[in-house]
Amino acid sequence: MAILVIAEHDNASLKPATLNAITAAAKIGGDIHVLVAGSNCAGAAEAAAQVAGVVKVKVADAAHYADQTAENIAALVIETAKSAAYSHLIAPATTGGKNFMPRVAALLDVAQVSDIVGVEAADTFVRPIYAGNVLATVQSSDSVKVITVRTTAFEAAAAAGGSAAVENVAAAADAGNCKLVGRELTKSARPELTAAKIIVSGGRGVGNGENYHALLEPLADKLGAALGASRAAVDAGFVPNDYQVGQTGKIVAPQLYIAVGISGAIQHLAGMKDSKVIVAINKDPEAPIFQVADYGLVGDLFEVVPQLTAAV
Amino acid sequence: MKILVPVKRVVDYNVKVRVKSDGTGVDIANVKMSMNPFDEIAVEEAVRLKEAGVATEVVAVSAGVAGCQETLRTAMAIGADRGILVETDAELQPLAVAKLLKALVDKEQPRVVILGKQAIDDDANQTGQMLAALLDWPQATFASKVVIAGDRATVTREVDGGLETLEIPLPAVITTDLRLNEPRYATLPNIMKAKKKPLDTVKPADFGVDVAPRLKTLKVAEPAKRQAGVKVADVADLVAKLKNEAKVI
Ligand SMILES: Cc1cc2nc3c(=O)[nH]c(=O)nc-3n(C[C@H](O)[C@H](O)[C@H](O)COP(=O)(O)OP(=O)(O)OC[C@H]3O[C@@H](n4cnc5c(N)ncnc54)[C@H](O)[C@@H]3O)c2cc1C
């Protein structure tokens, strides 16, 4: 039995989410192959070959993989899956994996099991539904299992220690129909939200973008933390969309999550309730966030946050 | 140009669902049902495109139990011109829905299909992408801005690192993210008008689509509850606890 993990990468290196997906593959059991589709992606392929547990890396290096369009990646995954009888095709449940994997499943005429948080058997998986308020155990009867993995539910595989063979594979035909015409990536020297050990997250209570920056950035700087936000804070334009934590934003599980001026709606809790330690700062003692917080501080965030920044 | 908008009937987002005591499923008897919020955004976007003179007709479609008629009426109250229900009591999984939608696209010949990026019940985030694959159409998922000009759509997408803008030829599938628009409230006159708009009902068998589920749910359970912790007196108390008790800073 062999499993194909589709790597998420930036051509030069692997994204951490790939390492979590590899651990999920290891839980299922079988030889693990990694597919790296990119443009000038030798660096990422080399990194994949060093991940513990990977036995083969397949590299498709072509200009039409530069933008990672769903049409082109899905077509390549289908070609690759045909060439070897893979039992499972696995990608991290990032916006990348979520974009192309269902295309793969439909083209293979199989179901996709989205966002798994547990492996019970090679055909049986646990996945959250209803914003994580319910866990469903599902069994797939399809010949090939197409799976996306919730990265916070699986440890990262060791990035070193492996020595997989690297093999070039032919690129699939370029669908040629989509053109990437713009990219506005948030630049930040801070850790990536989904990989951070500490997250400082702000909600509507912070009031506006200036307050968000003036209050939360110094605290995050001192803690070496990533910055997050509720949907309300993003909708109001305090911070860009990629800060959003929740059911429909990012799923995070840091060692410490500090929620500032966030009420704790179920859609927000869905994205952070697996954090090891949760701190809530809110002036409303009845705010639902206190029901999940390990340490709750009832108070005005405009007084409390500067004190906290000074004290840590 | 015709736009097709699939809409799903789901448990309202304000309801906290309960697992049945025998663990076979979620108890949705007697809970409030609504249109999936992302689909409401899809309907709103299609109606705005019609109001802007880009689209000529907006057709809302739904697959599921007879109660989905209500969801279609809501779509028509926002401004969809007519509705089609693929009626079945069977459990429908995303692949089956995508196949039903493909059959409807073959029949209706829209230039654009706009769907919600995910349904808030199964949180699968699959149907739009699957439909695009079955049709061999390009896709632009997680849209926060859609501009249609001539035979192309320019779509800004919310991705993990920020935003990216794709230009794709029509026909195409677009899925909506939360910030694409803010759906209007249906006014009473529009709700009354929606009752008179055409609503056709068909069956999966009419299209020869096999909707049998591929995934079997063995059990459902509630996740381990997080215990509420303690309230701390002040910042000094908080910092002491984070350092000495939780040891996370
Ligand atoms: C389909 C759907 C998907 C969604 N997905 C997400 C998602 O992914 N992520 C997400 O976060 N939300 C999501 N939501 C929205 C969610 O339901 C809530 O509306 C949102 O999380 C509220 O954000 P908030 O807590 O910042 O704002 P509010 O609920 O308005 O809370 C603000 C809090 O700040 C406190 N506060 C105000 N001033 C101060 C002060 N001076 N000092 C201290 N505290 C103060 C208030 O007491 C209050 O508790 C979704 C909703 C829907 C319908």
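Author: The second largest cavity is lined by Ala111(A), Gln93(B), Leu95(B), Ala96(B), Lys99(B), Asp210(B), Val211(B), Ala212(B), Pro213(B) and Arg214(B). This is a predicted model, in which local features need pLDDT of at least 70 and side-chain atom pairs count only at pLDDT 80 or more, while totals for chains, interfaces and linings use all residues. Residues are numbered from 1 along each chain as its sequence is written, chains are lettered from A and ligands numbered from 1 in the order in which they are written, and side-chain values use heavy atoms, with hydrogens and water left out.

Reader: What is a cavity here, and how many are there of 30 Å³ or more?

Author: A cavity is a set of points, on a 1 Å grid over the protein atoms alone, where a 1.4 Å probe fits but cannot get out; lining residues have an atom within 4 Å of a point. Grid points are joined across faces, edges and corners, and a volume is the space filled by probe spheres set on the points. The model has three cavities of 30 Å³ or more.

Reader: Which classes of residue line the second largest cavity, and which line the largest?

Author: Ala, Val, Leu, Ile, Met, Phe, Trp, Tyr, Cys and Pro count as nonpolar, Asp, Glu, Lys and Arg as charged, and the others, Gly among them, as polar. The second largest cavity has six nonpolar, one polar and three charged residues in its lining. For the largest cavity the lining splits into eight nonpolar, three polar and two charged. That lining has 13 residues, and those nearest the centre are Tyr130(A), Ile266(A), Tyr13(B), Val15(B) and Ile120(B).

Reader: Next, salt bridges. How many does the structure hold over all chains?

Author: Side chains of opposite charge can pair when their charged atoms come close. The criterion is a side-chain nitrogen of Lys or Arg within 4 Å of a carboxyl oxygen of Asp or Glu. Over all chains the total is 31 salt bridges. One of them joins Glu71(A) and Arg103(A), with the closest N and O atoms 3.8 Å apart. Glu71(A) is in helix α3 (residues 70-83) of chain A and Arg103(A) in helix α4 (residues 95-108) of chain A, so the pair ties together parts that are 32 residues apart in sequence. Helices (H or I, at least four residues) and strands (E, at least two) are DSSP runs, numbered from the N terminus.

Reader: Are Glu71(A) and Arg103(A) buried or exposed?

Author: Buried means under 20% relative accessible area, exposed over 50%, and partly exposed in between (1.4 Å probe, protein chains only). Glu71(A) is buried at 7%, and Arg103(A) is buried at 4%.

Reader: How far apart in helix α3 of chain A are Lys82(A) and Glu79(A)?

Author: An α-helix has 3.6 residues a turn, so residues three or four places apart point the same way. Lys82(A) and Glu79(A) are three residues apart in that helix, about one helical turn. Their side chains form a salt bridge at 3.7 Å, N to O. Lys82(A) is exposed, at 63%, whereas Glu79(A) is partly exposed, at 42%.

Reader: Which parts of chain B does the pair of Glu108(B) and Arg82(B) tie together?

Author: The side chains of Glu108(B) and Arg82(B) form a salt bridge at 2.6 Å, N to O. Glu108(B) belongs to helix α3 (residues 94-108) and Arg82(B) to strand β7 (residues 82-87), so parts 26 residues apart in sequence are tied together. Glu108(B) is buried, at 9%, and so is Arg82(B), at 17%.

Reader: Finally, the ligand. How many residues surround the ligand?

Author: A residue is near a molecule if one of its heavy atoms lies within 4 Å of it. The ligand is surrounded by 30 residues, the closest being Arg204(A), Ser230(A), Ser263(A), Gln267(A) and Asn282(A). These surrounding residues come from chains A and B, so the site is shared between chains. A side-chain N or O atom of Ser263(A) is 2.6 Å from a ligand oxygen atom. For a polar side-chain atom of His268(A), the distance to an oxygen atom of the ligand is 2.8 Å.

How values were computed: 1 Å grid on protein atoms, 1.4 Å probe; cavity = no way out; pocket = protein on both sides within 12 Å on 5 of 7 lines; lining within 4 Å. Polar contact = N/O pair within 3.5 Å; in protein donor to acceptor, adjacent residues only side chain to side chain.
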